[in-house]
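The following paragraphs lead the reader through a protein model. Please keep the sequence and the structure in view while reading.

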Amino acid sequence: MQTTDDKILIVDDERFIRMTLAEAVRSWGYEPVEAGNVKEAVRIFSEEEPPFVLLDIDLPDGSGLDVLGEIKGRNSDTIVIMITGNVSVPN
């Protein structure tokens with residue numbers, strides 16, 4: 001039986017990226033939980049409460065930085081790694 005400690009939330013709007021990251025997460029012994037946008041990410045985080053999140057900055061319905069604020073507001077101990085395919089100095 002898996003616990004929430006075994007889960008990693010992967011948030012990216014690109015399905016292929018989510019699938020690739022999910023494969024890696026499974027190979028490390030974790031259960032991937034996936035979201036493709038801000039709304040899904042916040043809902044799934046609230047339901048699953050994973051201790052780890054891989055979070056894209058650029059999402060179709062908002063910024064991953066907004067999701068980061070929601071996650072940290074709910075649980076400041078959650079480890080979040082921000083990822084992006086679009087490099088810019090301000091982000």
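Which residues in helix 2 meet which residues in helix 3? V38, A41, V42, F45 and S46 in helix 2 meet V67, E70, I71 and R74 in helix 3, where contact means heavy atoms within 4.5 Å. The residues of this contact comprise six nonpolar, one polar and two charged; Ala, Val, Leu, Ile, Met, Phe, Trp, Tyr, Cys and Pro count as nonpolar, Asp, Glu, Lys and Arg as charged, and the others, Gly among them, as polar.

The model is predicted, with local features requiring pLDDT of at least 70 and side-chain atom pairs counting only at pLDDT 80 or more, while totals for chains, interfaces and linings use all residues. Residues are numbered from 1 along each chain as its sequence is written, and side-chain values use heavy atoms, with hydrogens and water left out.

Two packed helices are described by the angle between their axes and the distance between the axes. Helix 2 (residues 38–48) and helix 3 (residues 64–74) pack at about 15 degrees, their axes 10 Å apart. Axes are lines fitted to C-alpha atoms, for helices over the stretch in contact, and angles run from 0 to 180 degrees between N-to-C directions. Helices (H or I, at least four residues) and strands (E, at least two) are DSSP runs, numbered from the N terminus. Helix 2 and helix 3 are therefore roughly parallel to each other, a term for angles under 35 degrees.

Four strands form an open sheet in the order 2-1-3-6, with parallel pairing; two strands pair if DSSP finds at least two bridges between them. Strand 2 (31–35) and strand 6 (79–83) are the edge strands, each pairing on one side only. From one strand to the next, the twist averages 20 degrees.

Strand 1 (residues 7–11) pairs in the parallel sense with strand 3 (residues 52–56) over four bridges, and with strand 2 over five bridges. L9 has V53 as its bridge partner in strand 3, and L9 stands opposite V33 in strand 2.

Helix 1 (residues 15–27) lies across strand 1, strand 2, strand 3 and strand 6, and runs at about 160 degrees to strand 2. Helix 3 also packs on the sheet, touching strand 3 and strand 6, and its direction makes about 180 degrees with that of strand 6.

Definitions and conventions: Parallel < 35°, antiparallel > 145°, perpendicular 65-115°, else oblique.
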